[in-house]
Amino acid sequence: MKRIAFVMYAVLALLVAACSNNPVAVEPGNGTTSEQTAKEEKQQTLTLYYVDNDVTKLVEEKQQINKPESDKAKYEKAMELLGKPTKPEHNPLWKDFGYHSITFENGTLTIDAKGTNQYNLGSGGEGFAIDALKQTMFQFPEVMKIIVLVDGKETESLMGHVSIDEPLTRSTP
């Protein structure tokens, strides 16, 4: 009798699941749903760098974004998020940074900054800002060099302290 009741409950549970409006398929072996997997495939994690409250070190923050449709959109999103930390103890070094364009060609990412950008970071802050830019953009393996222009022209420095008249290059291990 118990066996018949168990079978009836099992059949009833299968019928309820089959008639459900929210079908969920479980992929064999990993315990995730195809819905979860599809969502994860549409997401990308970016690693961004900010400065701590004491302006003594760079701090890393990971942010989830919708996977960009192109590499250019990915670089633009990373540049935007360099000015928007999610944690209050992380301070942006690229807040309100304006640029004309970001282009990528043959391993070189070129950022054409607007000359109207205002910076008040001092020499240490400028060093951190350049390091934050490098570490953020070099997370993309295809980026080997970064060139920063101002209003389409080469410049010695963004804030007068750190030289950017040569391309910023990826460190080799």
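Modeller: Here's a quick tour of the fold, the core and some aromatic rings. This is a predicted model, so local features need pLDDT of at least 70 and side-chain atom pairs count only at pLDDT 80 or more, while totals for chains, interfaces and linings use all residues. Residues are numbered from 1 along each chain as its sequence is written, and side-chain values use heavy atoms, with hydrogens and water left out.

Biologist: Which residues touch the most others in the largest nonpolar core?

Modeller: Met79, Trp94, Ile111, Leu133, Met137 and Ile146, out of 34 residues in that core. Such a core is a set of buried Ala, Val, Leu, Ile, Met, Phe, Trp, Tyr and Cys residues joined through side-chain atoms within 4.5 Å.

Biologist: Which element gives the most to this core?

Modeller: Helix 4, with six residues.

Biologist: What is Leu133 in contact with, leaving aside neighbours within four places in sequence?

Modeller: Met79, Leu82, Trp94, Ile111, Ile146, Val148 and Leu168. Contact here is heavy atoms within 4.5 Å.

Biologist: Switching topic: how many aromatic pairs are there?

Modeller: Four in the whole structure. Rings of Phe, Tyr and Trp (its six-membered ring) pair if their centres lie within 6.5 Å; planes under 30 degrees apart are stacked, over 60 edge-to-face, the rest tilted. One of the pairs is Tyr75 with Phe104, tilted, at 5.5 Å centre to centre and 45 degrees between the planes. Tyr75 sits in helix 3 and Phe104 in strand 3, 29 residues apart.

Biologist: Are those two buried or partly exposed?

Modeller: Tyr75 has 1% relative accessibility, so it counts as buried. Phe104 has 31%, so that one counts as partly exposed.

Biologist: What does Tyr75 do with Phe140?

Modeller: They form an edge-to-face pair, 5.5 Å centre to centre with 65 degrees between the planes. Phe140 is in the loop between helix 4 and strand 5 and Tyr75 in helix 3, so the pair ties together parts 65 residues apart in sequence. Tyr75, Phe104 and Phe140 form one aromatic cluster.

Notes:
Buried < 20%, exposed > 50% of the residue type's maximum accessible area, 1.4 Å probe, protein only. Helix = DSSP H or I, 4+ residues; strand = E, 2+ residues; numbered from the N terminus.
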